[in-house]
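These are my notebook entries on the structure shown below.

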Amino acid sequence: MARPLPDISGLRPAGSKRSTKREQILGTFLEQEGHLSADDLFSLVRGKHPGIGRATVYRTLQWMVDAGIARKVDFGEGRSRFEPTYRHPRHFHLICEKCHRSSEFLSSDVEALMEEIAAARNFEARQAVVQIIGTCEECRTGTASASGVSNIDGSTTELVFARDALRIAIATERSGFNFYNRAATFTKDARGRSVFQKLAEEEKEHLGTLEKRYAELLATDPLLESRPTFLFFKGAANGIFAAGTEELGPGVNDLDALLIGIKCERGSHNFFKKYGERFEDSEGKRIFLEFADEERVHLDLLVNEYRALRERTGAKHTDGARLAKKPSAKSRR
């Protein structure tokens, strides 16, 4: 997949003059996919620009790492490798110690744990490196994986990230649709029932849009559907609505149903916004943040309906009413 490249004309080390050689090295590096050693990059640069020396390439590589344009990784080969960060989501690596191939993955649960540890020690983290070293399936068994694609690396990472982000959003939308359909059957108040029916229709419409988007993404790579998982979460947001659906049982009144819906939408909004903001610029990030915005709209609708129903019925303030407060300014940004 051809990736659009950033405007590199203004990138330069602080206090230095514009350098054609540095821009040529940077441009060559950003065109590559996967992990390059310094020698790999030098060979590529020399093929295009014979006048650039090895020392210049090495100095520029270090500047790119310091500037956050490149990541430095070690796959146990006795030499460092580098990968572009532009439009390439932050990630961790599974590294085979036999073939030295890597497979990329991301776990926001792991990231959250590292952030918690750093905060507990009052430590300001700049970069985190997680590598799981072992033996890949192919080296261990002598056969390729059943799907023929056992690793995620380089150019495939952004596509698989977007695929997984869409899968999570689709599962959440489907779960939300089931929740609102069920909530509508439990609601006696006509206006409240119409709100749930409206939200069910919107969830159905959004679901169709996401599924179409997913099909279009799969069309860009015939192997995309079978590639390994990139995004790992212990509990994805669709579990929030599933739990809410289970709460909709006998004894649940109209206010209760709205409060459950508020709790679900707030949990879903917070989930997608929190993790979306952690991702670096990519299609996966945009999917998460777009979905967070949609969930916020639904949350506001439910909050307003909850307050209106309490006023119409003269219901007293309940312990659960605190769930109807609007998101803080910070969470709504």
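**Entry 1: Overall make-up**

I began with burial and found that 44% of the 333 residues of the protein chain count as buried. The model is a predicted one. I then listed the secondary structure of the protein chain, which holds eleven helices and seven strands. I also looked up contacts in the protein chain between residues at least 6 apart in sequence, and 69% of these join residues at least 24 apart.

**Entry 2: Helix α1**

I examined helix α1, residues 20–30, and found this helix mostly covered, with eight of its eleven residues buried. The buried residues of α1 are R22, E23, I25, L26, G27, T28, F29 and L30. I next asked what the buried residues of α1 pack against.

**Entry 3: Helices α7 and α10**

I keep in mind that two packed helices are described by the angle between their axes and the distance between the axes. Helix α7 (residues 190–218) packs with helix α10 (residues 283–313) at an angle of about 175 degrees, and their axes are 10 Å apart. Angles over 145 degrees count as roughly antiparallel, and α7 is therefore roughly antiparallel to α10. On the α7 side I recorded R191, G192, V195, F196, K198, L199, E202, E203, H206, L210 and R213 as making the contact. On the α10 side the contact is made by E283, I287, E290, F291, E294, H298, L301, L302, E305, A308 and R312. Sorted by class, the contact of α7 with α10 has ten charged, nine nonpolar and three polar residues.

**Entry 4: Helices α8 and α9**

I then turned to helix α8 (residues 238–247) and helix α9 (residues 254–278), whose axes come within 9 Å and cross at roughly 170 degrees. This angle makes α8 roughly antiparallel to α9. From α8, the residues in the contact are I240, F241, G244 and E247, and from α9 they are I260, K263, C264, E265, G267 and S268. I classed the residues of this contact of α8 with α9 as four nonpolar, three polar and three charged.

**Entry 5: Residue G249**

I located G249 in the loop between α8 and α9. Is G249 buried or exposed? Its relative accessibility is 11%, and G249 therefore counts as buried, the cut-off being under 20%. Leaving aside neighbours within four places in sequence, I found G249 in contact with R182 and F186. G249 and R182 are 67 residues apart in sequence, and their C-alpha atoms are 9.4 Å apart in space.

**Entry 6: Aromatic groups**

I found 15 aromatic pairs in the structure. I looked up the pair of F92 and F105, whose ring centres are 5.6 Å apart and whose planes stand at 65 degrees, so the pair is edge-to-face. F92 lies in strand β4 (residues 92–96) and F105 in strand β5 (residues 102–107), so the pair ties together parts that are 13 residues apart in sequence. Both F92 and F105 are buried.

Conventions: Residues are numbered from 1 along each chain as its sequence is written. This is a predicted model: local features need pLDDT of at least 70, side-chain atom pairs count only at pLDDT 80 or more; totals for chains, interfaces and linings use all residues. Side-chain values use heavy atoms; hydrogens and water are left out. Axes are lines fitted to C-alpha atoms, for helices over the stretch in contact, and angles run from 0 to 180 degrees between N-to-C directions. Helices (H or I, at least four residues) and strands (E, at least two) are DSSP runs, numbered from the N terminus. Angles under 35 degrees count as roughly parallel, over 145 as roughly antiparallel, 65 to 115 as roughly perpendicular and the rest as oblique. Contact means heavy atoms within 4.5 Å. Ala, Val, Leu, Ile, Met, Phe, Trp, Tyr, Cys and Pro count as nonpolar, Asp, Glu, Lys and Arg as charged, and the others, Gly among them, as polar. Rings of Phe, Tyr and Trp (its six-membered ring) pair if their centres lie within 6.5 Å; planes under 30 degrees apart count as stacked, over 60 as edge-to-face and the rest as tilted. Buried means under 20% relative accessible area, exposed over 50%, partly exposed in between (1.4 Å probe, protein chains only).
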